[in-house]
Amino acid sequence: MHKRLYSLDEVIAAITTIQAIIRNPRAQIGNLLYDTRKLTGKALGLFFALEGRRDGHGYIAEAYKAGVRNYVVAPNKVAIDRYPDANFLIVESPLRAIQELASFHRQRFNYPVIGITGSNGKTIVKEWLYELLSPEYRIIRSPKSYNSQLGVALSLWEMEDTYDLAIIEAGISKEGEMNTLSRMIRPTIAILTTIGRAHAAGFPSLEAKIGEKLTLFTSATQAIYHPGHIGEATLPTVENTFTWGDGDTTLQLLHDELVEGHRCRIHARYNGAEISITIPFTDGAARENAVCCWATLLAMGYEQSVIADRMTRLRPMEMRLEMKRGINNCSVIDDSYSNDLSSLVIALDFMKRQRQHPSYTVILSDFPESDQREEDLYKRVKELLQSNKINRLISVGETFMRHHRKFSAMAHLHFPDTDALLAALPTLVFRDETILLKGARKFAFERVSRALMAKSHETVFEINLNALEHNLNQYRSILPSQVKLMAMVKAFSYGSGSFEIANLLQFNQVDYLAVAYVDEGVELRKSGIHLPIMVMSPSTSSFDALLAHSLEPELFSFSVFDEFVRLLSSRGLKDYPIHIKIDTGMHRLGFSPDEVGLLIDRLGQTDAVKVQSAFSHLVASDDPGEDDFTGTQLAAFDAFTSRLQHALGYPFLRHIANTAAIERWPGAQLDMVRLGIGLYGIGSRQGTLPLQPAGTLKTTVAQLRKVRAGESIGYGRKGRIMKDSTIATVKIGYADGYDRRFGNGVGYMTVRGRAVPTVGDICMDMTMLDVGSMDVYEGDEVIVFGDMVALANSIGTIPYELLAGISQRVKRVYYYE
Ligand SMILES: *Cc1c(COP(=O)(O)O)cnc(C)c1O
């Protein structure tokens, strides 16, 4: 093992311990644990009870049951006597303790550490530096964008003797945070990528934000930055600085030049000579990130000719895990851009959250940087695959071949190269399973990915699972801890998918799901969703399926109530959970307030059902002009449920708040809230929660055509061209859910960062855009739905309709950054 192990004494010395309760002094620590959903390497694990939204102290029993025996906890939070053979270190703050331990670990190593901060581009710069420097260095870098107070600690913990350079990303969101990160990272080289102009929440001013970021430079011997990003802020004293920019800088940028339409040559002056790099990108962000890397390599003493050569080969970074529907009802997680141990851990973690299929296959290539610790590395790969209970391994490459025997305990197929795998693919059976595809670049696994993908056209609806999780957490942060959360996943989760979203919600431990129809609930059950599910419009003909899949009906009238009770009684079922819908003003479904007495009588006459919850729906919780009406709805609800409560004598959940009401009517949160559209990133009109849009509808430019003033576009010659222009045809039409009302310039799409209007009528499968004189190329990405609220307004509808209207033939792609 190359991983360093620490004795308890060393750990105690490294962190600010108030008290140590040691039952097993010989314990050794090699792994940091903080989430009971991810407990690997338990025997050498130290569990930190972090006090986030979910208090880690509530999970000690679970971790203990799983075999963890070492804990870092806050005072008076855990009944320590209940765990007689476990070690407990008691500290003021478990988060600070994990940081102190990471900092201690980092200081065991003398090799250079590059620290990167900035508003944008951190992760790209980190990944590009990794590419550019890896011919000379064995590099450990932060996985994905692990740059938070916890993420940095976990990243540093991965440092080992076998590396000789670390690249660590640091991100902050409020004052004071960089100080902690900087003391942990102690970068030898510190890089500031860019600073966004907006003055971020969490800081008193833009200067304060910049000053805070510059704290990263404190211990560095080399600082690399653009003076324009720093403005008036003062730089800590640093031995060497290397700057880039337009003015008097070390690397003075002269001008850019577009090469063959898709590459960019950047000219600069350095040490009196004119030099240049050519990068395979043209957008401003990529240029800025590439220059930042250029400056870093020059500062590290690289020859300009070496840099120029490597820069031509930079590639766009797929910084996310994508999941798509594959052939034969498979889900394919496509992570074919990199292959190293830390990203494998993340990918397997994501994979195991997918419960929709019974089995798991991993397709894995050789690890590129494995040369000297090969033996260890493959042993750890084996352990990872085993602890994640992977059913089948398909490996590709010569190194894997050498370690063939390690994997003999699992179903294992091996291929010498990607071509051999592709040739064999038709004979391998892939059916109803989750497939993780993970390969180093040179194995070109994107070819395997294409072969495994279900066929479809180029329009995709991309769902950012991080954004969904973020939005969920935003709402949770304003709910008292005892208030439960029901997530509305009706209508394919507002168009965003079905089991993929439900899975994420289940993993994040929401309390309830709600769907409109029994069929939707059945699909979720078949995909491994075990959360309670409320069905809002169960038809009497679907009651059998409802019972067979333990779904819970909303009962809204005496006729459905009686019918359901009759069925339960005929089967001898008792206490079946039901949800009572009350009509307090919507006048859609529900018992009206004057039916409460009768309902109480009916409930008293049967023990077949048990009221799990009673609820109603607000009609205008978003509208200040109707606040009085909302008030009467709340009062009517309170009156109804109070009588019901009194009569039933057992507790049930009361809920009435939808997305807008969660924020606008905290008093209406009651026992549970029903979160719908907010989850997908669209909040209430007056809301202040910083939500992230979860879905992006995208397509590509299929064809470009020059047209002259006076020509017409599309059916009925509706589109008229006033001056010479270029028309881009994109493959999305009203059959995909792109509303006809967006035609003739009402709607717009975004190409290369610019909004371009539609021209002519929208066709069934196609739309034409007037791109004017912009530089647009066939194959360019086109964002169809960006700001859903404004777009919906422009055609007199609401974002709900746009989302739910995206047709099922549009492929959904899920990704995780
Ligand atoms: C759809 C729905 C919700 C969610 O509404 P949002 O405004 O999307 O949060 C809540 N309750 C009921 C009964 C619903 O049908």
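Q: Which side chain does the side chain of His 403 make a polar contact with?
A: That of Lys 406, at 2.8 Å. Keep in mind that this is a predicted model.

Q: Where is the place of His 403?
A: His 403 is in the loop between helix 13 (398-402) and strand 21 (411-415).

Q: Is His 403 buried or exposed, by the way?
A: Buried, because its relative accessibility is 6%, and the cut-off for buried is under 20%.

Q: OK, the ligand now. Which residues surround the ligand?
A: Among them are Met 488, Lys 490, Tyr 494, Met 536, Arg 588 and His 617. The list also includes Asn 658, Ile 677 and Tyr 800.

Q: And how many of the shell residues are nonpolar, polar and charged?
A: The shell around the ligand has five nonpolar residues, four polar ones and three charged ones.

Q: What lies 2.7 Å from an oxygen atom of the ligand?
A: A polar atom in the side chain of Tyr 800. For Ile 677, a backbone N or O atom is 2.8 Å from a ligand oxygen. Asn 658 has a side-chain N or O atom 3.1 Å from an oxygen atom of the ligand.

Q: How much of the ligand's accessible area does the protein cover?
A: On its own the ligand has 380 Å² of accessible area, and the protein covers 94% of that.

Q: Last one: which pocket is the space taken by the ligand?
A: That space is the second largest pocket.

Methods: Residues are numbered from 1 along each chain as its sequence is written. This is a predicted model: local features need pLDDT of at least 70, side-chain atom pairs count only at pLDDT 80 or more; totals for chains, interfaces and linings use all residues. Side-chain values use heavy atoms; hydrogens and water are left out. A residue is near a molecule or strand if one of its heavy atoms lies within 4 Å of it. A polar contact is a pair of N or O atoms within 3.5 Å; within protein, one must be able to donate a hydrogen and the other to accept it, and residues adjacent in sequence count only if both atoms are side-chain atoms. Accessible areas come from the Shrake-Rupley method with a 1.4 Å probe; for residues, only the protein chains shown count as cover. On a 1 Å grid over the protein atoms alone, a cavity is a set of points where a 1.4 Å probe fits but cannot get out, and a pocket is an open set with protein on both sides within 12 Å along at least five of seven lines; lining residues have an atom within 4 Å of a point. A molecule sits in a cavity or pocket if more than half of its atoms lie within 2 Å of its grid points. Ala, Val, Leu, Ile, Met, Phe, Trp, Tyr, Cys and Pro count as nonpolar, Asp, Glu, Lys and Arg as charged, and the others, Gly among them, as polar. Helices (H or I, at least four residues) and strands (E, at least two) are DSSP runs, numbered from the N terminus. Buried means under 20% relative accessible area, exposed over 50%, partly exposed in between (1.4 Å probe, protein chains only).
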